[in-house]
Amino acid sequence: MRQIIAMGGGGFSMEPENLLLDQYILEQAQNNKPKICFLPTASGDQQSYIDAFYKAFETLECNPSHLSAV
């Protein structure tokens, strides 16, 4: 069964040195390297927030990406 897990806040954005929640979500995938996508707010997020996403998830076994609001 395919699954989408959506989360608003928490994880890397609240505790960048504690990625346990992010790791838990990745472990729900039945894939060795799941895809994870950052969806910015409708008005867009600061580049530093997107950079923080990549900094966190590039340390975990996954394929991070994001959608641009522009």
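A pocket is here an open set of points, on a 1 Å grid over the protein atoms alone, where a 1.4 Å probe fits and protein lies on both sides within 12 Å along at least five of seven lines. The lining of the largest pocket comprises 33 residues, a lining residue being one with an atom within 4 Å of a point. Ile4, Ile5, Lys35, Ile36 and Cys37 lie nearest the centre of this pocket. Two or more lining residues are contributed by each of α1 (20–27), β1 (35–38) and α2 (47–57). The largest share, four residues, comes from β1. By class, the lining consists of 18 nonpolar, ten polar and five charged residues; Ala, Val, Leu, Ile, Met, Phe, Trp, Tyr, Cys and Pro count as nonpolar, Asp, Glu, Lys and Arg as charged, and the others, Gly among them, as polar.

The protein chain contains two helices and two strands, arranged α-β-α-β from the N terminus on. Because its radius of gyration of 12 Å is close to the 11 Å that the globule rule gives for 70 residues, the protein chain is as compact as a globular protein of that length. The radius is taken over C-alpha atoms, and the rule is 2.2 Å times the number of residues to the power 0.38. Helices (H or I, at least four residues) and strands (E, at least two) are DSSP runs, numbered from the N terminus. The C-alpha trace spans about 35 × 25 × 20 Å along its principal axes. Of the contacts (heavy atoms within 4.5 Å) with a separation of 6 or more, 61% join residues 24 or more positions apart.

Buried residues make up 23% of the 70 residues in the chain, where buried means under 20% relative accessible area, exposed over 50% and partly exposed in between (1.4 Å probe, protein chains only). Leu21, in helix α1, counts as partly exposed because its relative accessibility is 38%. Not counting residues up to four places away in sequence, Leu21 touches Met7 and Gly11. Leu21 and Cys62, 41 residues apart in sequence, are separated by 14 Å, C-alpha to C-alpha.

Residues are numbered from 1 along each chain as its sequence is written. In this predicted model, local features need pLDDT of at least 70 and side-chain atom pairs count only at pLDDT 80 or more, while totals for chains, interfaces and linings use all residues, and side-chain values use heavy atoms, with hydrogens and water left out.
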